[in-house]
Amino acid sequence: MLAMGTEEWELYPCSYSGSQVIEYRPVSEDEDGEDDQNGADVAVSLDAVLPDDLLEKVLSLLPVASVIRSGSVCRRWHEIVHAQRHAWSKTVPEKPWYFMFTCSQDAVSGFAYDPSLRKWYGFDFPCIERSNWATSSSAGLVCLMDSDNRRSVLVCNPITKDWKRLPDAPAAGGRTADYSGLAFSVDRSTHRYTVAVARSSQVPSEYYQWEFSIHLYDSVSGTWATPFTGVLLGWRGGDECVICDGVLYYLVYSTGVVMNDSEHRHCLVMYDLAARHSSSSSSHTSLLSMAIPAPCALTCGRLMNLSERLVLVGGIGKQDRPGVIKGIGIWELRRKEWHEVARMPHRYFQGFGEFDDVFASCGARDLIYIQSYGSPALLTFEMNHRSWRWSAKSPVSKRFPLQLFTGFSFEPRLDIAL
């Protein structure tokens, strides 16, 4: 079904599968069952004679969206699509999709963009009813944390609609943290996953001291642990962190008390997740001693894991007014040094129209998405080819001046189950 330039599709239960295999009979048949002497051909449905393994192979060559739609053809196809998930692990990985929705208190529904086919699909996101959830994705799964209480955590597969509520994340010192960052990592071989919540709260009456804690959830044990607590001096945490190659990276911000250099208003601190299994405890001094300064004065910095490469996307602040951006840059961390990958060409920067200093960016594998909160326009950047490209025109339209848009990316996978 086509609507507004998009394709809408859903996962239908077996009760919706009304199609059946049609059995063709010979044109004529003797009473004793022998073929007609004229040698009439027998018409046979290809689906009836195609073994399950070959049908799985054929379907695995299709894009994920086509595989989902094929599950509505008949009962047999539905069972193969939804019961034989191990077969989809051999499919060629697709580029990450982007789920765009408008910020509201309504149910979270919007449109998913498929960059391979350059199509938008009407898409209802499972398990959440409001748009104020922090998100982090990895290997086909999406982790969500309620931005209001910052404790409710869900994990879901947006394609299969499977989802699971995790035990509540620990609170920071028994109270709601001022800032909480969410990171998520899935092992592509075992499908074991780790959820990291980094919390930062101001010490009462101490502006330059901020409590900092890391809380980790392991899908195998099904429990939370708090391997690190400390105090940051002159720095506060935020809501931006990511897990890359077994290390948790977290952006911290200068309070302006200890450091006044505008070039170092942001730093990156690191925590090796393997350290949680060691007997020695880390201190906040060691975290800050290994901190890596941001490459420039940043606005709206975003960290992302692109095939185990740590990438930073951010607005480049003006020299005299760091809070106002003059462009958007992309950097990659190599051997603890930032290397500039690209800067958004001015024509694309202008293409967003009235561009605020706040924007969304995310990515996976080798694809980065950038979107202004005030516009449904979506820009992509391919790391391997260093190429910029607008998405197909979004079906989302701006209905009133202050309407805000946001979104996040995820890999479309059928083989990842919870």
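S136 is buried in this predicted model, with a relative accessible area of 14%. Because burial here means a relative accessible area under 20%, a value of 14% places S136 in the buried class. The residue belongs to strand β6, which covers residues 133-138. From there its side chain reaches the backbone nitrogen of F184, at 3.1 Å. Beyond its neighbours within four places in sequence, S136 is in contact with L141, V142, C143, L182, A183 and F184.

Strand β10 spans residues 179-186. How many of its 8 residues are buried? The count is 6, and the strand is thus described as mostly covered. β10 pairs with strand β11, residues 193-203, in the antiparallel sense, and 8 bridges join them.

V195 is buried, with a relative accessible area of 0%. In sequence, V195 and C143 stand 52 residues apart, but in space their C-alpha atoms are 7.8 Å apart. Leaving aside neighbours within four places in sequence, the contacts of V195 include C143, L182, A183 and F184. C143, L182, A183 and F184 are also among the contacts of S136.

| Hairpin | Bridges | Residues between the strands | Residue with positive phi |
|---|---|---|---|
| β10 and β11 | 8 bridges | 6 residues | H191, near 70° |

**Helix α4**

Helix α4 runs over residues 75-83, and W77, H78, I80 and V81 in it are buried. Where do the buried residues of α4 fall, seen down the axis? They fall within an arc of 165°, so they line one face of the helix.

**Nonpolar cores**

The largest nonpolar core has 27 residues, and F125, L144, I159 and F410 have the most contacts inside it. Helix α4 is one of the elements that give two or more residues to this core; the others are α2 (52-60), α3 (64-70), β3 (97-102), β5 (119-124), β7 (141-146), β8 (153-156) and β27 (405-410). The largest share, 4 residues, comes from α3. Why does the core lie between domain 1 and domain 2? Domain 1 (50-89) and domain 2 (94-276 + 285-410) both give residues to the core, so it lies between them. Another core, of 21 residues, lies apart from it, and I328, V341, F359 and I370 are among its members.

**The chain as a whole**

The secondary structure of the chain comes to 6 helices and 27 strands. Of the 418 residues in the chain, 48% are buried. Among contacts between residues at least 6 apart in sequence, 54% join residues at least 24 apart.

Terms used:
Residues numbered from 1 in each chain as written. Predicted model: local features only at pLDDT ≥ 70, side-chain atom pairs only at ≥ 80, totals over all residues. Heavy atoms only, no water. Buried < 20%, exposed > 50% of the residue type's maximum accessible area, 1.4 Å probe, protein only. Polar contact = N/O pair within 3.5 Å; in protein donor to acceptor, adjacent residues only side chain to side chain. Contact = heavy atoms within 4.5 Å. Arc of directions from axis to C-beta. Core = buried A, V, L, I, M, F, W, Y, C linked by side-chain atoms within 4.5 Å. Domains from an automatic or database assignment. Pairing = 2+ DSSP bridges.
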